[in-house]
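Subject: Structure handover

Hello,

Here is the structure I promised to pass on. Please open it alongside this email, and my notes follow below.

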Amino acid sequence: MTRTKPRETEASALACDIVADAFGHDCGLVCRVLAQRGSMTLRELARETHLRSSRCQQAILVMIRHNSIRIMQQENNDEEDNRYQINLEAVLYRLRYSRYLLHIRECYGKTQELFFEVLFQHGMLHTHELFARISVNQYRLDISRTNTTILEQALSELVDSQLIEIVPSKLDSVGNTVIDVDISVSAKAAREDFRSNDVLWRVNFGHINRCLQHVACAELVREEVNESASRLLLVRSCSFITASAMDPCPE
């Protein structure tokens, strides 16, 4: 047995524990069966988990909302034939939850951190759902409940920095959260349809991970070379990632 196989097994087992802890017994059971058997249809999952079809379907929907399951659509477009697979990488991102929040707070502020926290906790949300959740927790911010301008500016900044993105319409209609968003299109759509309740938002975990990688590299350069070289690396790295956000930690 190669060394890769045990690590994959351990990662899958860890992912199942994370899902069960975050979303409950049914989701954890579905995750464990998928980890053991690979991609399966809803009918197959209900049979293997011994859950009622409705409970199994609800567990799948919860995990789709959090991008924890990939949908493999079939050519006949029959939803009953869709196959589901664990999105292992997305599940393991939850281990970095506190690091993500710290980065957002330090680089953008408490308001942006709250947007990120709400989307992380509740998964994909429509615009009105997102602002409703923010409103419930707005007492944590030093702004008035009626001051929506500050909230809209905070969301716009996160979108322009590619840390929050709009879920593509195709994913919205079929529930598939796997296909990556074209970032430039998402930012443009966000500015044009910012107040549309039909827009679905989610955290762009791939981008924030790239940002943290570059921050870590810049810290190493600061220790080994100097501050100027570190900042130069950080700015050039961020220019490569996005043309709209040159510096992930503006001062």
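How many disulfides does the structure hold? It holds 0 disulfides. Take Cys56, which is in no disulfide. Its nearest cysteine sulfur belongs to Cys27 and lies 9.5 Å away. A disulfide is a covalent bond between the sulfur atoms of two cysteines.

Is Cys56 buried or exposed? Its relative accessibility is 0%, so Cys56 counts as buried. Cys211 is buried too, with a relative accessible area of 6%.

Please keep in mind that this is a predicted model.

Now the overall picture. The protein chain has 13 helices and 6 strands. It runs to 251 residues, and 42% of them count as buried. I also looked at contacts between residues at least 6 apart in sequence. Of these, 59% join residues at least 24 apart.

Next, a helix pair. Two packed helices are described by the angle between their axes and the distance between the axes. Helix 8 covers residues 127-136, and helix 9 covers residues 148-160. Their axes come within 12 Å and cross at roughly 120 degrees. The two helices are therefore oblique to each other. The crossing is right-handed. On the helix 8 side, the contact is made by Leu130, Phe131 and Ile134. Helix 9 contributes Leu151, Glu152 and Leu155. By type, the contact residues divide into 5 nonpolar, no polar and 1 charged.

Two single residues are also worth a look on your screen.

Asn209 sits in helix 12, residues 205-224. Its relative accessible area is 6%, so Asn209 is buried. Which residues does Asn209 touch, not counting residues up to four places away in sequence? They are Tyr93, Arg96 and Tyr100.

Ala35 belongs to helix 2, residues 25-37. At 33% relative accessibility, Ala35 counts as partly exposed. Leaving aside neighbours within four places in sequence, Ala35 is in contact with Ser12, Cys16 and Ile86. Ala35 and Leu88 are 53 residues apart in sequence. In space, C-alpha to C-alpha, Ala35 and Leu88 are 9.1 Å apart.

Best wishes

Note on methods:
Residues are numbered from 1 along each chain as its sequence is written. This is a predicted model: local features need pLDDT of at least 70, side-chain atom pairs count only at pLDDT 80 or more; totals for chains, interfaces and linings use all residues. Side-chain values use heavy atoms; hydrogens and water are left out. Axes are lines fitted to C-alpha atoms, for helices over the stretch in contact, and angles run from 0 to 180 degrees between N-to-C directions. Helices (H or I, at least four residues) and strands (E, at least two) are DSSP runs, numbered from the N terminus. Angles under 35 degrees count as roughly parallel, over 145 as roughly antiparallel, 65 to 115 as roughly perpendicular and the rest as oblique. A crossing is left-handed if the near helix is turned anticlockwise from the far one by less than a right angle, and right-handed if clockwise. Contact means heavy atoms within 4.5 Å. Ala, Val, Leu, Ile, Met, Phe, Trp, Tyr, Cys and Pro count as nonpolar, Asp, Glu, Lys and Arg as charged, and the others, Gly among them, as polar. A disulfide is a pair of cysteine sulfur atoms within 2.5 Å. Buried means under 20% relative accessible area, exposed over 50%, partly exposed in between (1.4 Å probe, protein chains only).
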